[in-house]
Amino acid sequence: MNQEIYDFIGIGIGPYNLGLAALTENVEELDGIFFDQTPRMEWHPGMLIEGTDLQVPFMADLVTFADPTNKYSYLNYLRDHKRLYKFFFYQKLEIPRYEYNHYLQWASDHIKGLYFGKKVVDVRNESNQQESLYKVVVKDMETGEETFYYCRHVVMATGAKPMILDSMAGFPENDVLHTSRYVYEKENLLKSSHITVVGSGQSAAEVFYDLLEERENKEFKLTWFTRSEGIFQLEAAKIGQEFFGPDYVNYFHGLDFEKRKEALDTLEPLRNGIDYSTLNGIYELLYHYSSGERNPNITIQPLTEVNEITKDDSAYTLHCEQWQKEDKFEYKSDKVILATGYQPNIPEWFNERFAEEIHWEDDKRFEVSRNYRLHFKDQRENHFYVVTNLEHSHGTAATNLGLAVQRNMEIINDILGREAYNTTQKGIFQQFEMDS
Ligand SMILES: Cc1cc2nc3c(=O)[nH]c(=O)nc-3n(C[C@H](O)[C@H](O)[C@H](O)COP(=O)(O)OP(=O)(O)OC[C@H]3O[C@@H](n4cnc5c(N)ncnc54)[C@H](O)[C@@H]3O)c2cc1C
């Protein structure tokens, strides 16, 4: 084996691994590279709706919680783009989602060791005479050519993928689409006379709100169905937000699996719901559109499950049930937008290579240590870190950008076996158990 051995390889370059790259760039003992299958850094491009904000304060950038003086901070991005004064007068902690994406692109243009257009198609155990390694097989998305690299550790940050029920899949994407494609299809959607949104999370509300705003210039019918009991606000009081801090992760990780599942259910209002300003904006527009005895031509109905979609010549039929009254009905729409959420994106090769070698909590959820290592049956020195599919192990903040830097600091310290970054906690007002 004459090839270079990297200390680690990052799979996926979203905010999580981009932050890891930023924080390891100047750690001399760590030599890592990162691959992403997409041609360039893009953060949920299909949901970059004009006017939407990041749902966490700008401090949840790539580096600030580890080192506010790091050159990849959001404030330095603003300085670089001569926007510090504008931001100062803007006086908001939540930044435009469009600008957050631009910030990530700026960082990815400067950070070394990032390779786009490269999909990781396999990871295998491999060893030389001295140590156990991973062999990472990478496919060039343009040429199809495969190359491989060796590393001591892997950090898998492959994010989430759209969730679409089988009974709603397989239609042309310009007619029945997941919210993750909304921006790409918007122009085409606006040519139709009836659009239905299915689901009631933040994405559903943002898409509904955006379409509602378009109604000012164009007549079309707009429908919103959701299985939920109502269209409700996300719990956002400050003390509740402390559940997204590292102290709660410590506490949560120490619980047994059943207790963790129960806790996730209890914390549902913190995890799922709609931002107050989005809900408020929707209601205000509805009020305006209905003033002066006008009919806004809008249907909003919770308690309604869409079970299947079928197509006939003129339109799509949604097979629905108002589940509380057990009332089944059919509903026609030209276009359907599925705000049916996301699920962890675990690459195809993962189970084939590692399922038998690691411990699982149930059939979908692997065991993950506090420091984000997969729990292998053997006592290996070379670790496989995961920062996707972590809700069951690390709690409600698993997909929250606010904790991404903390996770990366913990992984870096774990790989190095020393504290390169200070991860001391107890930074919040509440505690979750008595100190013993
Ligand atoms: C629309 C939307 C808005 C959100 N807004 C917020 C918010 O405001 N605040 C918040 O805290 N959280 C938010 N989240 C949740 C979360 O913070 C983000 O999803 C975040 O992008 C997660 O970062 P990531 O790096 O894990 O994954 P991603 O950003 O999804 O990146 C994963 C990357 O891995 C790549 N990849 C996957 N498989 C492979 C492979 N085999 N080889 C190479 N590359 C691969 C993908 O191409 C992708 O670029 C939002 C989520 C969504 C869907």
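Residues are numbered from 1 along each chain as its sequence is written. Because the model is predicted, local features are given only at pLDDT of at least 70 and side-chain atom pairs only at pLDDT 80 or more, whereas totals for chains, interfaces and linings use all residues, and side-chain values use heavy atoms, with hydrogens and water left out.

**Stop 1: the two domains**

Begin by colouring residues 5-159 together with 345-416 as domain 1, and residues 163-234 together with 273-339 as domain 2; these bounds come from an automatic or database domain assignment. The C-alpha centres of the two domains are 33 Å apart. Now select the residues where they meet: eight residues of domain 1 are in contact with 13 residues of domain 2, contact meaning heavy atoms within 4.5 Å. About 780 Å² is buried between domain 1 and domain 2, with carbon and sulfur atoms giving 57% of that area; buried area here is the accessible area (1.4 Å probe) that two parts lose on being put together, summed over both.

Which residues form the salt bridge R97 takes part in? Select R97 and E206, whose closest N and O atoms are 2.7 Å apart. A salt bridge is defined as a side-chain nitrogen of Lys or Arg within 4 Å of a carboxyl oxygen of Asp or Glu, and by that rule there is one across the interface of domain 1 and domain 2. On the side of domain 1 that touches domain 2, the residues divide into four nonpolar, three polar and one charged, where Ala, Val, Leu, Ile, Met, Phe, Trp, Tyr, Cys and Pro count as nonpolar, Asp, Glu, Lys and Arg as charged, and the others, Gly among them, as polar.

**Stop 2: H153 in its strand**

Next, select H153, which lies in strand β6 (residues 146-156); helices (H or I, at least four residues) and strands (E, at least two) are DSSP runs, numbered from the N terminus. Is H153 buried or exposed? H153 counts as buried, at 9% relative accessibility, since buried means under 20% relative accessible area, exposed over 50%, and partly exposed in between (1.4 Å probe, protein chains only). A polar atom of the H153 side chain lies 2.8 Å from the backbone nitrogen of H383. Leaving aside neighbours within four places in sequence, H153 has contacts that include D7, F8, Y134, H383 and I415.

**Stop 3**

With K118 and D140, the closest N and O atoms are 2.9 Å apart; the pair joins strand β4 (residues 118-127) to strand β5 (residues 132-140), the two residues being 22 residues apart. K118 is partly exposed, with a relative accessible area of 23%, whereas D140 is buried, at 17%.

Move on to R260 and E361, a salt bridge whose closest N and O atoms are 2.8 Å apart. R260 belongs to helix α9 (residues 257-266), and E361, 101 residues apart from R260, to the loop between α12 (348-354) and β17 (384-386). R260 is buried, with a relative accessible area of 7%, while E361 is partly exposed, at 22%.

R373 is partly exposed at a relative accessible area of 28%, and D414 is buried at 16%. To finish this stop, select D7, E131 and R152, which salt bridges with shared partners join into one network.

**Stop 4: three loop residues**

Select N295, in the loop between α11 (276-289) and β11 (298-301), where N295 is exposed, with a relative accessible area of 63%. The side chain of N295 reaches the backbone nitrogen of N297 at 2.9 Å.

Then select Q91, in the loop between α3 (84-90) and α4 (97-110); Q91 is exposed, at a relative accessible area of 66%, and has a phi near 55 degrees, a positive value in a residue other than glycine. Last, select E326, in the loop between β13 (316-322) and β14 (327-333), which is exposed at 64% relative accessible area. The phi of E326 is near 50 degrees, again positive in a residue other than glycine.

Notes: Polar contact = N/O pair within 3.5 Å; in protein donor to acceptor, adjacent residues only side chain to side chain.
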